[in-house]
Amino acid sequence: MKNNSLNQYIVHTIFILATIAALLPFLLMLAASLTDENALIKNGYSFFPEDFSLAAYAYLFDRSAEFLRAYGITIFVTAVGTFTGLLISSMLAYPLSRADLPFKGLISFLVFFTLLFNGGLVPFYLLYTEIIPIKNTIWALLLPNLLTNGFFILLMRSFFKTSIPTEVIESAYLDGANELKIYFKIVLPLSLPILATIGLMTAITYWNDWYNGLLFLTDTSLYGIQNVLYRILSDVQYLQQNDLSGQASSASVVPLVSVRMAIAVIGVLPLICAYPFFQKYLVSGLTLGAVKG
């Protein structure tokens, strides 16, 4: 018993230290965003702001209308993209978990193939500008991430195969249920852990996506929050690199270093607030979905 207790203390200590190590960079980033620019330049970064200042956030929220519009676009894209992505992924993963699906091996191979190879940037760009013209539309933020992640499909397939009892499906057949009714009434309600897990990872992908906006959007009114933050960061860097003559006065009032930290905080904070609500499902979904391939 003593050895077991000692092992538990050691394991708990290791996990506590790992958690602290993961939190420290974010706490340092938050502290830097709340520190006066001159104090940062003079004394460097510190976990305790030597000269507390909200100048970085004041600079960012001078553009409050732009931020509100960008947050609205990002929330809409994240919600719609996550829901639709879960629907598409689960509707492909569930048939792949069934032993009686024709060409099951070929379809599974094609899904797995997408994890290993892709067409590259040029075909990707041409596909979504020439064949599927989504440039400067809201679809530019939705469609590329929607079609879809092979890893999520294979993870869902493993969950359906190991966690949905075949007897339940067969019983539903005997009661006269068709495939759609079984899928919506039985399979999905029994799959909340994996749906929450994949949903969280999909939502993170949509929330953090700036690359598709950079490629396909020139209309700034369609920018999500990440693209707005990226543009502000580029403006700040431009001021820093061109602090000459007439621009010197404007550059001197911009808190260049602390603005970078504030941008990072604003980008990641909503995800940190949402994560605790999904943590229980995330752990169980990953564990159950990875038991058997």
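## Helix α11

In this predicted model, the buried residues of helix α11 are Pro193, Ile194, Leu195, Ala196, Thr197, Ile198, Gly199, Leu200, Thr202, Ala203, Tyr206 and Trp207. The helix is thus mostly covered, with 12 of its 17 residues buried.

## Overall composition

The protein has 15 helices and 0 strands. Of its 293 residues, 38% are buried. Among contacts with a separation of 6 or more, 74% are accounted for by residues 24 or more positions apart.

## Nonpolar cores

The largest nonpolar core has 39 residues, and those with the most contacts inside it are Leu60, Phe67, Ile225, Ile232 and Ile266. Two or more residues are given to this core by each of α1 (2-33), α3 (55-61), α4 (64-96), α7 (139-146), α11, α13 (225-241) and α15 (256-289). Among these elements, α15 gives the most, with 8 residues. Once its neighbours within four places in sequence are left aside, Phe67 is in contact with Leu60, Ile225, Leu229, Ile232 and Ile266. Apart from this core lies another, of 24 residues, which includes Leu96, Met156, Ala177 and Ile182.

## Ser33 in helix α1

Ser33 has its place in helix α1, and with a relative accessible area of 0% it is buried, because that value falls under the 20% limit. Beyond its neighbours within four places in sequence, Ser33 is in contact with Ser53, Ala56, Tyr57, Ser258, Met261, Ala262 and Val265.

## Helix α8 and its partners

Helix α8 has 14 residues and reaches 20 Å from its first C-alpha to its last, close to the 20 Å expected at 1.5 Å a residue. It is mostly covered, with 10 of the 14 residues buried, and these buried residues are Gly150, Phe152, Ile153, Leu154, Leu155, Met156, Arg157, Ser158, Phe159 and Phe160.

One partner of α8, which spans residues 150-163, is α4: the two helices pack at an angle of about 50 degrees, with their axes 8 Å apart. They are therefore oblique to each other, and α4 passes α8 in a right-handed crossing. On the α4 side the residues that meet α8 are Leu86, Ser89, Ser90, Leu92, Ala93, Tyr94 and Leu96, while α8 contributes Ile153, Met156, Arg157 and Phe160. Another partner is α5, whose axis comes within 8 Å of that of α8 and crosses it at roughly 135 degrees, which means that α5 is likewise oblique to α8. Here Ser108, Val111, Phe112, Thr114 and Leu115 in α5 meet Gly150, Phe151, Ile153, Leu154 and Arg157 in α8.

## The α9 and α10 pair

Helix α9 (residues 166-174) and helix α10 (residues 179-187) pack at an angle of about 130 degrees, with their axes 10 Å apart. Because of that angle, α9 is oblique to α10, and α9 passes α10 in a right-handed crossing. The residues that meet are Val168, Ile169, Ala172 and Tyr173 in α9 and Glu179, Ile182 and Ile186 in α10. Ile182 of this pair is also among the residues of the 24-residue core.

## Positive phi in two loops

Most residues other than glycine have a negative phi. Against that background, Phe103 has a phi near 60 degrees, a positive value in a residue other than glycine. It is found in the loop between α4 and α5 (104-116), where a relative accessible area of 66% makes it exposed, because the value lies over the 50% limit.

Asn136 also has a positive phi, near 60 degrees, and it too is a residue other than glycine. It is found in the loop between α6 (121-131) and α7. At 30% relative accessibility, Asn136 counts as partly exposed.

Methods
Residues are numbered from 1 along each chain as its sequence is written. This is a predicted model: local features need pLDDT of at least 70, side-chain atom pairs count only at pLDDT 80 or more; totals for chains, interfaces and linings use all residues. Side-chain values use heavy atoms; hydrogens and water are left out. Buried means under 20% relative accessible area, exposed over 50%, partly exposed in between (1.4 Å probe, protein chains only). Helices (H or I, at least four residues) and strands (E, at least two) are DSSP runs, numbered from the N terminus. A nonpolar core is a set of buried Ala, Val, Leu, Ile, Met, Phe, Trp, Tyr and Cys residues joined through side-chain atoms within 4.5 Å. Contact means heavy atoms within 4.5 Å. Axes are lines fitted to C-alpha atoms, for helices over the stretch in contact, and angles run from 0 to 180 degrees between N-to-C directions. Angles under 35 degrees count as roughly parallel, over 145 as roughly antiparallel, 65 to 115 as roughly perpendicular and the rest as oblique. A crossing is left-handed if the near helix is turned anticlockwise from the far one by less than a right angle, and right-handed if clockwise. The expected span of a helix is 1.5 Å times one less than its number of residues.
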